[in-house]
Amino acid sequence: MKVLMLNGSSNTNGSTRAGLDIMAEVFDTEKIECEIVCVGAKPVRDCIGCGKCSEKGMCIFSDDGVNEFVGKATDADGFVFGTPVYYAHPSGRILSFLDRAFFSNMWGTGAAAFRHKPAAAIVVARRAGTSATYDVMNKYFGISQMLNVGSTYWNEFHALSREDVPKDAEGTQTLRNLARNMAWLMKCIKAGRDAGVTPPAAEADSMTNFVR
Ligand SMILES: Cc1cc2nc3c(=O)[nH]c(=O)nc-3n(C[C@H](O)[C@H](O)[C@H](O)COP(=O)(O)O)c2cc1C
């Protein structure tokens with residue numbers, strides 16, 4: 001079993017990474033493989049809405065890691081998406097990255113890389129904007145038939161920089177509990193699959209716009 005994590009900060013070794021590392025330790029104890037992918041500091045293209053991904057099965061832009069991430073996602077059993085809070089929203093780069101990762105994967109057989117898999121967002125801020133940021137991140141999971149994992153608080157912690165992270169006792173506890181819950185859910189899904197419990201097929205005939 002494998003968890004794929006995304007660090008949505010341009011700072012590859014900052015607070016967001018420290019939060020992901022705390023969860024990775026728990027996954028290690030639970031004997032679950034873990035990989036952390038960094039969005040990094042190079043430019044990330046926004047989705048241009050060309051719809052070409054519906055023909056190609058991937059985004060037309062292949063130079064900033066999005067298609068590579070979706071490739072890895074296909075083999076992953078669970079996901080953690082980490083972002084710093086910028087002006088009370090997720091980092092612009094993780095939004096650009098995830099818009100394209102999720103949109104390019106929703107065609108044809110439909111969201112196979114993400115569908116029916118556990119997901120959690122973790123968000124870090126110096127002071128405020130965590131709940132609004134968390135809300136935005138969770139929107140990706142609901143529309144992709146993912147299973148949103150919770151913890152003992154909303155998945156947020158407080159730090160200006162990496163050194164602050166261990167000082168947030170409740171925040172780090174929330175991250176550890178979140179990782180345990182995700183590990184448990186992944187094991188339940190595997191046990192179900194091994195026992196012949198398969199995910200439901202979704203109805204997909206209706207697509208109703210509001211104006212026609
Ligand atoms: C452009 C920018 C905007 C920020 N906006 C907020 C904010 O709205 N609320 C807050 O509490 N912290 C804000 N911060 C602080 C970061 O969320 C905080 O330093 C975080 O730990 C950075 O994570 P990182 O080291 O993974 O990049 C902002 C930082 C930057 C660079």
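The paragraphs below lead through a predicted model, from its nonpolar cores to a helix pair, its cysteines and a loop residue.

The largest nonpolar core has 29 residues, and those touching the most other members are L6, F69, F79, F81, F97, L98 and F114. Two or more residues each come from β1 (2-7), α3 (66-75), β3 (78-86), α4, β5 (118-125) and α5. Of these elements, α4 gives the most to the core, namely five residues. The surroundings of L6 illustrate how this core is joined across the sequence. When neighbours within four places in sequence are left aside, L6 is in contact with L20, V37, V39, F69, V80, F81, G82, I94, F97 and L98. Another core, of 23 residues, lies apart from the largest one, and V3, V26, A159 and V165 are among its members.

Helix α4 also takes part in a helix pair. Two packed helices are described by the angle between their axes and by the distance between those axes. For α4 (residues 92-103) and α5 (residues 130-142), the angle is about 10° and the axes are 11 Å apart. Angles under 35 degrees count as roughly parallel, and α4 is therefore roughly parallel to α5. On the α4 side the contact is made by I94, L95, L98, D99 and F102, while α5 contributes V136, M137 and Y140. Sorted by class, the residues of this contact are seven nonpolar, no polar and one charged. Two of the α4 residues named here, I94 and L98, are also contacts of L6.

The cysteines come next. A disulfide is a covalent bond between the sulfur atoms of two cysteines. In this model the count of disulfides is zero. C47 is in no disulfide, since the nearest cysteine sulfur, that of C53, is 6.6 Å away and the cut-off for a pair is 2.5 Å. For C53, the closest cysteine sulfur is in C50, at 6.2 Å, which is too far for a bond. The two residues can also be described by their accessibility. C47 counts as partly exposed because its relative accessibility is 31%, whereas C53, at 8%, counts as buried.

The last stop is a loop. K31 is placed between α1 (15-29) and β2 (33-38). With a relative accessible area of 73%, K31 is exposed, as the cut-off for that class is over 50%. Along the chain K31 and K2 are 29 residues apart, and their C-alpha atoms are separated by 9.3 Å.

Methods
Residues are numbered from 1 along each chain as its sequence is written. This is a predicted model: local features need pLDDT of at least 70, side-chain atom pairs count only at pLDDT 80 or more; totals for chains, interfaces and linings use all residues. Side-chain values use heavy atoms; hydrogens and water are left out. Axes are lines fitted to C-alpha atoms, for helices over the stretch in contact, and angles run from 0 to 180 degrees between N-to-C directions. Helices (H or I, at least four residues) and strands (E, at least two) are DSSP runs, numbered from the N terminus. Angles under 35 degrees count as roughly parallel, over 145 as roughly antiparallel, 65 to 115 as roughly perpendicular and the rest as oblique. Contact means heavy atoms within 4.5 Å. Ala, Val, Leu, Ile, Met, Phe, Trp, Tyr, Cys and Pro count as nonpolar, Asp, Glu, Lys and Arg as charged, and the others, Gly among them, as polar. A nonpolar core is a set of buried Ala, Val, Leu, Ile, Met, Phe, Trp, Tyr and Cys residues joined through side-chain atoms within 4.5 Å. Buried means under 20% relative accessible area, exposed over 50%, partly exposed in between (1.4 Å probe, protein chains only).
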